[in-house]
Structure formats: C-alpha cells, structure tokens
Amino acid sequence: MRLEYSLLHSSPLRSVPVRVLLFHAPDFRFQESMGNRASIVANSTSSGSNLTPAPSQLFRGRRTSLPLDIVVVGCGLGGLSAAYCLAQAGHRVTILETALAIGEIGAGIQVSPNLTRLLIRWGLGEQLKQVAVKPEALTFRRWCTGETIAWTKWGDSMEEAYDAPYYHIHRADFHKMVFDLVEPHVNIRTNCRVVALDPSVPSLTLESGEVVRADLVIGADGVKSLTREYVVGGPDKATPTGDAAYRAIIPTELLLQDPDLRPLVENPEMVGWLGPKRHIMAYNIRASKEYNLVLAHPDDGSLESWTAEGSADKMRAEFVGWEPRIQKLLALIPSTLNWKLMDRAPLSTWVHKDGKLALLGDACHPMLPYRAQGSAMAVEDAAVLGNLFSRLSSRAQIMPLLHAYQTIRHARATETQGSSRLNQHIFHLPDSPEQEQRDAQMRAAMEDALREARGEPPLSISDSSTGNANQWADKGKNRIQFGYDADEEAEKWWQEHGNSSIGLVGTTAKM
C-alpha cells in the first residue's frame with residue numbers, strides 16, 4: 001500500500017500544478033484477539049513507522065514509562081498535532097483518516113502567537129518564515145466608503161509583546177508542514193472510515209468491517225464528528241449560523257498592476273470591510289504572492305463543505321454598492337467556493353464516561369472564523385494532551401489525565417467560541433446608531449494606537465482598548481488570547497494539582 005499526500009491549491013485564476021508526494025505507508029500486522037477483533041501492531045521497520053523516536057525535546061524531555069496504543073480519528077491539523085504530541089510523549093499512535101489521500105484544501109488562515117510559539121517549539125519556525133506573511137497591522141474599513149475606522153499595529157510588535165509572531169499562511173502549506181513533521185513518528189492509515197465505536201474497549205469498526213482496538217481513542221474528526229456522538233450519547237448535529245462565506249485567492253501580480261490595489265500588497269495588513277449583514281477579510285499569503293479573501297454573507301442554502309462551488313456572479317451581487325476597491329477585487333475573481341458556516345453549543349464534557357475516548361478541536365469546540373482561532377485551539381488542545389500523557393505511569397491514570405486535559409482547556413475554548421460569536425454580531429451591524437457607536441469606539445482605540453506608534457501619550461487617561469468593539473485592540477484580551485502557552489499551562493496545572501491528585505494514582509498497586 002502507498003500513502004499519498006496531495007497539496008491542493010484553491011486559486012481559481014490559473015492552473016497551478018498539483019504537487020504530489022508519494023511514499024510507502026506503514027505495514028501492519030493484525031493479531032486476532034477476542035474472537036474476530038483485531039489489534040493493530042505496527043511494523044516499526046516500515047517507512048513512516050518509527051515508533052521509537054529520539055528522546056523528545058518537548059515536555060522538558062519527559063516521556064511516559066507506560067507507552068499506550070492510541071488511535072486518533074482524523075488527519076486534519078488537530079489530529080496531526082495530537083498524534084505528534086502523543087508520539088513525542090512516548091506513545092504508539094495510529095491516525096485513521098477517511099480520505100483516500102492525505103491532503104488539505106482551503107485558503108488563507110491566520111496563525112496567531114499562541115499557535116506559532118508551539119510550532120516554533122516543534123522546530124517549524126524557519127519553514128513558517130518561508131511561506132507565511134507577517135501582517136504589519138489590522139485595519140477595519142467602512143463598507144461603502146472605505147474609510148478607516150480601526151487600526152491596530154501588529155508586525156514586530158506582536159513578537160515583542162508575546163514572544164511569538166503573528167502570521168498569515170495558506171492552509172494547505174500549513175497542513176503539509178505539520179504532516180511532514182508528524183509522518184515519521186506515527187502510523188497514518190487512509191481510506192479508513194470509522195462507522196462505529198465501542199468506547200468501553202475501546203474499539204473502532206471501519207467501513208471495511210475491520211475492527212481496530214486501542215488503549216485510548218482521540219476524536220479529532222471535525223465539526224461533523226462521529227466520535228462526538230458517542231461522548232454526548234446520541235446524534236448531535238451542528239446548527240447553521242445564518243452565514244456563509246465565499247473564499248477566493250487572487251495572484252498579487254494582478255493587484256500590483258492597479259494603483260488603487262497595489263498598497264494592499266506593498267503594505268501587508270489584515271484588512272476588514274464591515275457592512276450590514278456582511279463583512280470581508282483580506283490579506284496576503286504565500287510570501288505575498290497571493291491575496292486571500294473571505295467574504296461572509298447571509299446564507300442562502302449553501303453546502304457545509306470546503307469544496308462547494310459558488311457563483312462568482314452571485315458573490316458580486318452580494319456586495320453591490322461596496323467601495324470601489326472591493327468592486328475591483330471582485331472583478332478579478334472568475335470563480336469561487338462557498339462555505340456554509342455551522343456552529344455547536346459548548347459541551348459539558350469532552351470525555352466519554354468510560355474514560356477511554358476524548359474529543360479534540362472542532363469535534364468538541366468548533367470555532368466560527370470571526371476570531372481566527374480554530375486551528376490555534378486545536379493545536380493547544382494537542383499540546384496539553386501530549387504534555388499530560390508524557391507523565392503517564394499507570395493505566396489507572398488514563399481517565400484522570402483526560403479529565404485534567406478537559407479542566408485545563410474547557411473554559412479557554414468556550415470563551416474563545418463566545419468571542420468568535422461576538423464578532424459575528426459586531427461585524428454585521430446595520431447602518432444605525434449602534435453601528436455609529438461601534439465605529440466611534442474603534443476610532444478612539446485607533447487614535448491611541450497611532451499616538452503610541454508615534455511615541456506620543458494617549459489622549460485620555462482611561463484605556464480606550466478595554467472592551468473595545470475591535471477585539472484585537474483590547475490589550476487585556478490580547479494578553480489572554482495571544483500570551484497563552486499551552487505547555488506552560490499544563491506544567492503549571494500539574495505542579496498545582498496533578499502531582500498530588502494524579503501522580504500517585506496506581507503506584508500502590510505496582511509496589
């Protein structure tokens with residue numbers, strides 16, 4: 001069997017050669033046990049199956065003394081990150097992925113300091129620099145006039161404040177980067193659709209009829225998660241937000257030919273245009289060779305899919321009357337994708353009652369894109385999970401460690417979900433007194449930010465950033481969101497709580 005990684009490009013404007021990397025997938029031996037159930041045993045001599053990597057530099061060099069067989073369901077960014085962190089903690093990890101080939105589509109995403117600090121810790125810092133763009137600022141504009149109503153300095157100031165940069169990157173480049181990091185340390189099985197689970201064993205039944213057993217299952221299977229239904233105890237479908245989003249990528253060489261659009265490339269910022277029931281976010285990706293646009297609009301029956309084709313004519317009709325630069329950008333887009341935005345209410349628990357199945361990322365806390373934190377939350381989950389399970393020394397600790405993971409992560413993920421939903425309301429206000437109040441609040445923070453950039457004192461002794469409608473201008477929120485270090489939070493929790501409550505669990509039985 002061969003495993004294929006396809007790097008898929010979503011630029012509709014030109015034919016981009018598909019880059020395909022082929023390599024041998026792990027060989028598997030199957031041991032029959034409990035009747036017709038099979039346990040996966042990896043052949044560690046196979047390519048991509050190094051289950052005894054060099055001592056981890058993560059988790060302060062700590063590795064478990066009791067390696068588990070762990071199955072991760074899903075090979076997205078969250079699943080790959082979970083697999084990597086658990087493998088670095090010393091466990092044997094298999095990823096089960098439904099797709100025939102491993103690949104990631106999509107468009108641009110934002111990689112904030114709480115995420116980049118983890119990727120840099122994993123050794124990906126130089127690769128990020130090669131393909132990402134560091135935005136110099138965040139700018140919000142009025143939909144009809146293009147007037148600037150908000151400005152927040154980013155660029156090097158992000159790294160100075162939070163010890164990690166803020167980047168814009170293409171999702172496919174990001175996924176490929178993490179995949180290449182993870183693949184040597186785990187078993188990745190494609191064309192393995194999970195159709196049923198027995199969380200008490202735990203075991204997973206594949207569409208082929210094969211039954212896969214493990215010591216622990218991590219559900220990283222996204223917003224349409226099957227594993228989530230086993231945790232909550234029944235069908236649990238996502239609900240529509242009322243919004244959908246067109247996505248498109250324009251080669252920046254086209255923008256550079258227009259004097260009105262050239263500054264969007266030469267001065268890389270995240271630019272948002274805010275309007276009634278709609279907004280547009282735009283920024284540079286791929287070393288400023290492409291310009292990414294996400295255009296949120298009222299949903300008119302679109303599909304919940306990253307690959308659903310949209311109508312470019314309908315897209316342009318949604319933004320009639322928007323300022324001239326928007327009309328020029330939309331004229332450069334011959335085709336687009338349209339993505340239905342779905343949401344879920346926060347779960348009360350991410351851990352199955354039997355303590356052998358836990359959820360991660362969008363499977364338990366899907367994020368709307370309005371705060372650009374979906375990938376960050378999933379990777380933070382993975383880092384905490386790996387950190388905690390690097391301490392495992394007894395099977396009796398599995399359930400307590402899963403509950404510790406939930407304790408550390410639940411409030412933060414839930415608060416971030418709420419922050420994302422809040423931006424949906426803030427961005428889409430109709431022209432009204434409430435919108436005017438929003439704009440005035442954003443302008444006040446912008447004026448203070450500009451004065452600070454010039455080395456001048458603020459106009460008022462009160463902090464205009466606190467509670468500002470521009471959440472990226474709120475310095476308190478930024479410290480909480482971007483200053484977070486998932487590994488340090490796990491270390492802190494263990495010292496304060498885990499060492500006494502979990503550290504000795506199961507040790508008496510071994511003495």
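The following conversation concerns a predicted model.

Trainee: How should I read the numbering and the values?

Mentor: Residues are numbered from 1 along each chain as its sequence is written, and side-chain values use heavy atoms, without hydrogens and water. In this predicted model, local features need pLDDT of at least 70 and side-chain atom pairs count only at pLDDT 80 or more, while totals for chains, interfaces and linings use all residues.

Trainee: What is the mean pLDDT of the chain?

Mentor: The mean is 87, and 86% of the residues reach 70 or more; pLDDT is the predictor's confidence in each residue, from 0 to 100.

Trainee: Where does pLDDT stay under 50?

Mentor: That applies over residues 4–55. Where pLDDT is low, the predicted coordinates should not be read in detail.

Trainee: Which residues touch the most other members of the largest nonpolar core?

Mentor: They are Phe174, Ile218, Leu388 and Phe389, in a core of 85 residues. Such a core is a set of buried Ala, Val, Leu, Ile, Met, Phe, Trp, Tyr and Cys residues joined through side-chain atoms within 4.5 Å, where buried means under 20% relative accessible area with a 1.4 Å probe, protein chains only.

Trainee: And what does Ile218 touch?

Mentor: Leaving out residues up to four places away in sequence, Ile218 touches Ile70, Val71, Val72, Val73, Leu86, Ala358, Leu360 and Leu385; contact means heavy atoms within 4.5 Å.

Definitions and conventions. Buried < 20%, exposed > 50% of the residue type's maximum accessible area, 1.4 Å probe, protein only.
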